[in-house]
Each structure stands twice: as C-alpha cells, then as structure tokens.
Amino acid sequence: MKMGVRLDVLVFTIALLSVPVLSDLILSKVDRRIDLTSQIARTTSTLKVENAGNDLVSEVLLTIPDNQAKNLAYLMATSNEGKGKVKASAVSLPVEVVHPKGMPPALTFYSVSLPKGLGKGETFTLDVLAVFTHALQPFPEEITQANIQLVVFSDTAHFLSPYTVKVQSLIVKLPEARIESYTRIENTKIHGSEIKYGPYENLPPFSYSPIGVHFEANQPFVVAQELVREIEISHWGNVQVTEHYNLVHGGARSKGEFSRLDYQSRRYVGGASAVRSLVAKLPPRAHSVYYRDEIGNISTSNLWSDSKKTELEIEPRYPMFGGWRTAFTIGYGLPLQDFLFQAEGRRYLDFSFGCPMNEVVIDTLIVKVVLPEGSTDISVSVPFPVKQWQETKFSHLDVIGRPVIVLEKTNAVPEHNQHFQVYYKFSNLSMIREPLMLISGFFLLFVAGIVYMHADLAISKSSPSYLAKLQWDEVLAVIQQFQNNINQCLTIHDKLEASLRDLSRTGDVQACKAARKAFDGLLKDLSKDLKPLLAFLQSSPQASQILPKVEELVVKEKDLQEKLMAKHSMVVDGYEKKSGGREIENRIALQQQKITALRQEVDDLLEFIDEI
C-alpha cells in the first residue's frame with residue numbers, strides 16, 4: 001500500500017531529527033514482533049544494549065509516540081537469559097515514566113532500570129512487552145451482516161529509540177492471510193499472514209518510518225466499558241464472587257437489517273465477526289454458578305469443571321454485532337481455604353485481579369473486596385498502579401458495616417489478570433457476634449410469644465370500637481357482593497364481544513341476535529340485584545368514603561353496557577345489509593374507542609375498591 005506522508009507525520013519526523021543524542025548507549029540488535037491476531041495489539045521487542053561510552057549506565061530509555069502511549073495498557077521489561085534458559089523465572093525490571101530534558105513533546109519516555117550498571121563495552125539483552133488497546137481501527141467503520149470486518153493498523157517500520165540502532169527487523173503477525181493493502185518500503189517481504197520489514201542497518205537515533213496495514217480481522221472486538229467484580233469474604237467457609245458486565249462490540253458498526261436465517265445457516269458469512277458466545281475461566285472448585293441479565297436467569301450457558309479449572313460458556317440472548325451492547329451478571333462461590341491465608345498474625349486474601357474472559361478489553365475495571373465486619377489494619381498489595389479507596393457495606397445482622405476495599409484500573413487487558421493480596425486483622429471473637437445476635441433475637445421472640453399467650457387482650461363486645469368493627473365488616477361484605485356483581489357484568493360483556501367474533505366467522509345473524517337478547521336479560525337481572533347493595537352502602541355511615549367510587553363505578557358500567565349494545569346493533573345491521581368488513585370497522589371505530597376507554601376506567605375503579 002503506497003501511503004502518503006501526512007503533514008503531521010512530516011513535522012514529527014523533522015522534530016525527531018533535531019533532537020540531540022541522549023547517551024553513548026547503542027542498540028546493536030533489535031528484533032521486534034507485532035501480534036495483531038486479536039483486538040489487542042502486542043509488541044514484543046528483544047533489545048541488545050551496548051555501552052559504547054566510558055560512563056557507567058544504569059538505565060535504558062524506551063520511546064513511544066503520544067498517540068500510541070494513550071492506548072498503552074501494559075508495559076513490561078525482563079532480562080533475556082539467552083537460549084536454553086527458562087524465561088518464566090526472569091524477574092521484571094522496574095519501569096517508570098520519565099521526562100528527559102530537550103526531548104520533543106510528541107513522545108513519552110519510559111525508563112527501564114538495569115539489574116546492574118553497564119560498563120564500557122558491556123552488553124545487556126532485555127525483552128520488552130508493550131500491549132495496546134483500541135489500536136486496530138475498523139475500515140470501513142460500518143459493515144452489513146454479510147460483510148467481513150477489515151481493520152487498519154499503523155506503526156513505524158524503524159524502531160523508535162533515542163539510541164543508534166545497528167541492526168533491526170520487524171515482523172507483523174496478522175490473523176488471516178488476506179491483506180487488503182500494506183506499506184511497501186525497502187526490504188519488505190510477505191509470507192502468508194506475516195509481513196517482514198528489514199533488516200535495516202545503522203539507523204540514527206529517533207528513526208521513524210510510518211507504515212500501515214489494512215487487513216481482515218473477523219474476531220469479535222469484545223470491550224467491557226465497565227466491569228465491577230465484588231469479592232465478599234465469609235469466615236464461615238465461602239468466598240462469594242459477583243461480576244457485573246457492561247459489554248459492547250467495539251468492531252465495525254453493523255448497518256442494515258439483521259437476518260436470523262443467514263446468521264444461523266451461514267455462520268461464517270452472516271455475521272463472521274459477531275459475538276456468539278463468551279467463555280469465562282473460573283477458579284477450580286467454583287460452585288453455585290449463575291448467569292443472569294436484567295430480565296432474569298439465562299439458561300443458554302454450559303459449565304465444565306474438573307480439578308484444575310472451571311469453564312462457563314455464556315451465550316447472550318442475542319448475537320452481538322458491531323456497536324451492539326449487552327449487560328449481564330455472573331456469580332459463583334469458592335472454598336475459603338483456597339484463597340484466604342495467614343501470615344505474621346494477619347489474614348490475607350490472594351485473588352486474581354482481571355477479567356476471567358480471554359482477549360476482553362476493559363475500559364474501567366473496579367474490584368471490590370468486602371471484608372468481614374470488624375476487620376482492622378487493612379492494607380493492599382497490587383503488582384501494578386491502581387486507584388484505591390475504602391467504602392462501607394451493610395448486610396444482614398451488621399452493626400457498624402463491613403469494610404470494602406475498592407480498586408480501580410482503566411484500560412485493563414488479560415496481562416493484568418495477576419494475583420493481588422488484601423491483608424487485614426480479624427478477631428475470632430467477632431465470629432460469634434452474629435450467632436449471639438440470632439440467639440438473642442429468638443429468645444426475645446419466644447418471650448414476647450409467652451407474654452402474648454398469657455395476656456387478655458379481648459375487646460368488650462359493647463365497646464364503640466367493637467361495634468364499629470362489626471359495621472365495617474358488614475360494609476366489606478356488601479362491597480364484596482358488589483364487586484362480584486360487576487365482575488359478572490364484565491364477563492357478560494366479554495361474551496357479547498365473543499358473539500360478534502362468532503358472527504364474523506359463521507355469518508349467522510340470527511344466532512348473534514339470540515345471544516344478545518339472552519345477555520341483555522342477564523344484565524337486567526344483575527342490575528336488579530345491584531340496587532339493594534347500593535342502597536345499603538348509601539345508608540351506612542361507615543361507607544361514606546368509598547361510596548362516591550362505588551356510585552361512579554355503577555354509572556361507568558351502565559354506560560359501558562349501552563355502548564356495547566349499540567356497537568352490537570351496528571355490526572349486526574352491517575351484516576344484514578351485507579356491508580364489507582372494512583366498512584363495518586370504520587362505522588364502529590369511534591364506538592370501539594369509547595368502549596376501550598370505559599373498560600379501562602371500570603377496571604381502574606374495581607382495582608381501587610379492591611385495595612380498600
């Protein structure tokens with residue numbers, strides 16, 4: 001891909017060329033590899049550092065452009081032990097942000113402290129892992145369900161460093177061999193899904209050669225805009241973990257209509273980049289696992305467990321295409337003895353920090369550790385910088401509340417899924433506080449029951465309060481009969497409507513007229529039964545507050561009867577005149593609106609009276 005040099009890149013390059021050499025260090029060899037097989041870009045660099053000066057050097061500077069540094073999620077430097085050595089035992093070297101004088105403002109510098117100073121002519125080899133999020137930009141930004149997802153990645157073919165580089169090479173690893181376009185410069189080769197730049201020799205400090213790759217990437221871009229993990233410790237033998245996810249598909253936004261048929265029958269064409277399922281790798285011996293969203297429990301999930309791991313496969317209620325969102329909660333319990341330990345008179349929780357799902361980018365990760373009530377002398381050890389504060393949570397039988405340690409990390413990636421520790425002191429006597437409270441509560445309850453059983457709380461049958469209660473009970477009984485009467489009327493209304501549906505199905509006008517005549521007689525009988533009930537309520541002082549609603553209900557129900565009968569006559573008349581169905585519907589449309597409104601008012605009044 002032939003790429004034009006933009007004005008900002010040109011200015012950036014000129015600024016780098018004007019920067020003085022920082023020290024006598026040189027990079028005799030640089031091997032760099034960029035892995036773009038997922039939405040997270042991982043750059044692995046092996047640097048062979050050589051001291052060409054006379055002064056002792058104790059640090060190496062790494063340089064990242066500001067536009068990439070804002071997306072830098074993780075940076076780690078380790079000593080390279082060479083071939084045949086076990087790299088897992090390598091110790092991370094301290095890395096911190098520094099601000100050297102005279103450097104351009106468009107760069108961010110990181111200082112790597114060496115395990116020992118480098119003398120003249122000495123060399124040291126280190127490995128640097130840089131992890132970037134949101135580095136792959138969808139292009140085009142919107143695709144249909146049938147399209148594949150294409151993304152663009154930009155970097156530099158030359159290793160950007162304040163030191164002279166003798167020899168350097170770069171390999172860009174892509175997820176697929178299909179490449180739309182890429183920058184071609186000197187010594188550029190392509191092998192399947194890998195693009196190799198270099199080797200390049202004798203590069204001056206701050207060499208910069210912009211490159212871009214436009215390629216196919218159909219893997220889902222799962223981004224957790226917020227993930228809240230709550231880890232609650234119970235000294236009665238359990239650690240309860242609750243995780244609240246707010247996910248979005250960060251890839252190319254979906255446009256057009258969604259076809260369920262194409263999605264299910266053409267899985268690799270109809271939505272190749274859609275999120276179909278997620279797999280959460282939970283700790284071993286996880287139990288009581290559940291998965292739910294705002295609607296309720298979701299049964300489309302599978303759980304596999306053995307002595308080494310527990311895997312929960314989650315299938316959302318709908319597939320997630322670019323720009324689509326979903327939110328859900330995962331919860332599970334863990335044995336306390338697997339994660340809580342004691343050392344030097346203190347207890348400490350040893351737990352993993354990050355997300356249990358692979359290749360998920362987390363914009364904001366909040367980890368809450370809920371300690372038992374009465375915990376003191378609390379401290380936290382996290383292997384990377386986080387924001388930290390403390391809250392209080394009240395649960396059942398709590399008096400002063402439980403201390404909650406809150407840890408927040410932005411731009412989190414799987415590399416942050418490391419263990420952290422929360423130290424605290426807790427007295428064993430505090431464990432019996434809640435059992436004592438339960439025992440005391442039950443004791444007071446039994447005492448109150450004994451007192452109640454032996455106390456004479458009877459009310460005299462001649463007292464005004466007792467007589468008022470009897471009168472109110474009579475009112476309630478009459479209201480119950482009144483409600484039953486109205487409900488029978490509403491049932492007849494429904495049957496009257498059903499006779500019209502039978503008419504439209506059979507066309508039997510005479511049967512419909514006979515049904516209306518029978519229903520009209522039943523309604524008149526119910527109206528007669530209603531009169532003595534209404535007269536009783538009108539004469540009772542106890543019913544004075546509810547009487548207006550009762551009278552209003554009688555009027556509304558009567559009006560509803562009249563409107564229904566009028567509608568019935570209009571429909572029957574239309575069928576006798578052999579009018580069309582559309583014409584009949586137009587004639588009764590206004591009447592139907594009034595009927596619907598009246599029925600709602602009647603239902604509301606019945607509900608109001610029922611609550612009383």
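A: Start with a definition: helices (H or I, at least four residues) and strands (E, at least two) are DSSP runs, numbered from the N terminus. This is a predicted model, where local features need pLDDT of at least 70, side-chain atom pairs count only at pLDDT 80 or more, and totals for chains, interfaces and linings use all residues. Residues are numbered from 1 along each chain as its sequence is written, and side-chain values use heavy atoms, with hydrogens and water left out.

Q: OK, how many helices and strands are there in the chain?

A: The chain has 8 helices and 31 strands.

Q: And why is it called more spread out than a compact globule?

A: Because its radius of gyration is 38 Å, well over the 25 Å that the globule rule gives for 612 residues. That radius is taken over C-alpha atoms, and the rule is 2.2 Å times the number of residues to the power 0.38. Along its principal axes, the C-alpha trace spans about 115 × 80 × 45 Å.

Q: What share of the residues is buried?

A: Of the 612 residues, 44% are buried. Buried means under 20% relative accessible area, exposed over 50%, and partly exposed in between (1.4 Å probe, protein chains only).

Q: New topic: where is Asn411?

A: Asn411 sits in strand β30, which covers residues 402-412. Its phi is near 55°, a positive value in a residue other than glycine.

Q: Why point that out?

A: Because most residues other than glycine have a negative phi.

Q: Is Asn411 buried or exposed?

A: Asn411 counts as buried, at 15% relative accessibility.

Q: Which strand holds Asp377, and what is its phi?

A: Asp377 is in strand β28 (residues 376-381). The phi of Asp377 is near 50°, also positive in a residue other than glycine. With a relative accessible area of 43%, Asp377 is partly exposed.

Q: Now peptide bonds. Which kind joins Phe139 and Pro140?

A: A cis one, with omega about 10°. Pro140 lies in the loop between β9 (137-138) and β10 (142-143).

Q: What about the bond from Gly198 to Pro199?

A: That peptide bond is cis, with omega near 10°. Pro199 belongs to strand β15 (residues 194-203). For background, most peptide bonds are trans.
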